[in-house]
Every structure is written in structure tokens, then in C-alpha cells.
Amino acid sequence: MRSADGTRPGGYLTPSGPTKAPWLGILWKALAVTGSAAVLAAVAAALTADLFAAASSLLGWFLIAAFFGISLLVGHVVGRRNPSGAIGMFAVTYAIKVVGFAVILFGLGTPVWLHREWFALTAVGAVVLWQAAEIRAFSTTRHLIYNDADDSSPQGGANA
């Protein structure tokens with residue numbers, strides 16, 4: 001197969017490998033999408049209610065971003081050393097986060113200044129947008145399914 005722009009000296013296409021550090025890319029895309037929406041929600045809260053409503057909105061987003069972001073960071077760290085172990089670590093991290101999230105919400109209680117409606121609205125919106133952004137970002141990553149044989153080996157490369 002030849003390439004019009006000649007990616008190799010002979011003009012042949014080179015195979016591409018898996019996406020490097022896919023979990024960080026997914027994290028940044030999800031943070032960008034949900035963070036933008038949270039800022040818009042905070043502006044709407046400030047204009048329709050008060051600054052405490054805006055702060056409540058941002059707090060709702062921050063808790064969701066921290067909750068989901070920790071998993072992606074763990075996936076990044078573990079996935080670099082052991083890609084097949086990343087999924088197992090996601091499950092372990094999820095269980096730990098659920099307990100930690102419950103401790104935060106029930107242990108701290110509800111601050112007097114918190115606007116529950118803006119907090120909940122932004123948190124639920126952030127969950128939905130985060131999941132959509134994660135799925136979209138994950139669908140564009142490349143994953144190595146089979147280990148390609150080295151081009152210098154008798155079985156691989158030009159002889160295959």
C-alpha cells in the first residue's frame with residue numbers, strides 16, 4: 001500500500017501502534033468537557049441565585065472530577081507497567097472511591113452555604129457528560145491486540 005504523502009522513503013504506509021498513555025488523554029478530554037459545562041453552570045447559578053450557588057455548582061463538579069479522575073490516573077500508572085492489570089485496578093479503585101466518597105458526603109455533612117439544587121444539578125450533569133466524553137475519547141484510542149513480529153525475525157515483517 002502506497003501513501004500519497006510518502007510517510008516512508010519508499011512511499012509506503014507504516015503501521016501505527018497503540019495510543020501512548022490513553023488514560024491521560026481520556027482524563028484531559030473529560031476534564032475539559034465537564035469543566036467547561038461546570039463553569040457555565042456556575043455562571044448561571046451566580047446570575048440566578050448568588051455566589052454560594054456558583055460555589056456549590058463548582059463543588060459538585062470538583063467531587064465528580066476527583067471521583068472519576070482518580071480511576072484514570074490509576075489506570076495510567078498501572079497501565080504503563082501492566083496494561084492487562086489496569087482493568088483490575090479500576091475495579092479496586094472504584095470500591096475504595098465509593099467508600100471514600102460516602103465518608104466525605106456523610107462525614108462532612110451539608111455546609112450551611114451549600115445550595116443543594118445547584119450542587120446536585122451540576123454533579124449529575126458532570127456524571128453524564130464525563131461518561132459521554134470518556135466513551136468518545138476511548139473510542140478514538142488505538143489498542144494493540146496482537147504483538148507484531150519483529151521485522152528482523154525470519155517469521156515477521158517482509159516474510160509474512
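1. Helix α1 has 27 residues, which at 1.5 Å a residue should span 39 Å, and its end C-alpha atoms are 39 Å apart, so the two values agree. The expected span is 1.5 Å times one less than the number of residues in the helix. Helices (H or I, at least four residues) are DSSP runs numbered from the N terminus, as strands (E, at least two) are.

2. This is a predicted model, in which local features need pLDDT of at least 70 and side-chain atom pairs count only at pLDDT 80 or more, while totals for chains, interfaces and linings use all residues. Residues are numbered from 1 along each chain as its sequence is written, and side-chain values use heavy atoms, with hydrogens and water left out.

3. Buried residues of α1 include P22, W23, I26, L27 and A30, and also T34, G35 and A38. Here buried means under 20% relative accessible area, exposed over 50%, and partly exposed in between (1.4 Å probe, protein chains only). The buried residues of α1 pack against α2 (51-81), α3 and α4, where contact means heavy atoms within 4.5 Å.

4. G109 follows α3 and has a positive phi, near 75°.

5. There are 7 aromatic pairs in the structure. Rings of Phe, Tyr and Trp (its six-membered ring) pair if their centres lie within 6.5 Å; planes under 30 degrees apart count as stacked, over 60 as edge-to-face and the rest as tilted. The W23 and F90 ring centres are 5.1 Å apart with the planes at 75°, so this pair is edge-to-face. Because W23 lies in α1 (residues 22-48) and F90 in α3 (residues 86-108), the pair ties together parts 67 residues apart in sequence. W23 is buried at a relative accessible area of 15%, and F90 is buried at 18%.

6. W23 also pairs with F138, and this pair is stacked, at 6.0 Å centre to centre and 20° between the planes. F138 lies in α4 (residues 116-139) and W23 in α1, so the pair ties together parts 115 residues apart in sequence. F138 is partly exposed, with a relative accessible area of 38%.

7. Ring pairs also join F67, F68, Y94, F101 and W130 into a cluster. The charged end of K97 sits over the ring of F67, 4.5 Å from the ring centre; the criterion is NZ of Lys or CZ of Arg within 6 Å of the ring centre and within 35 degrees of the ring normal.
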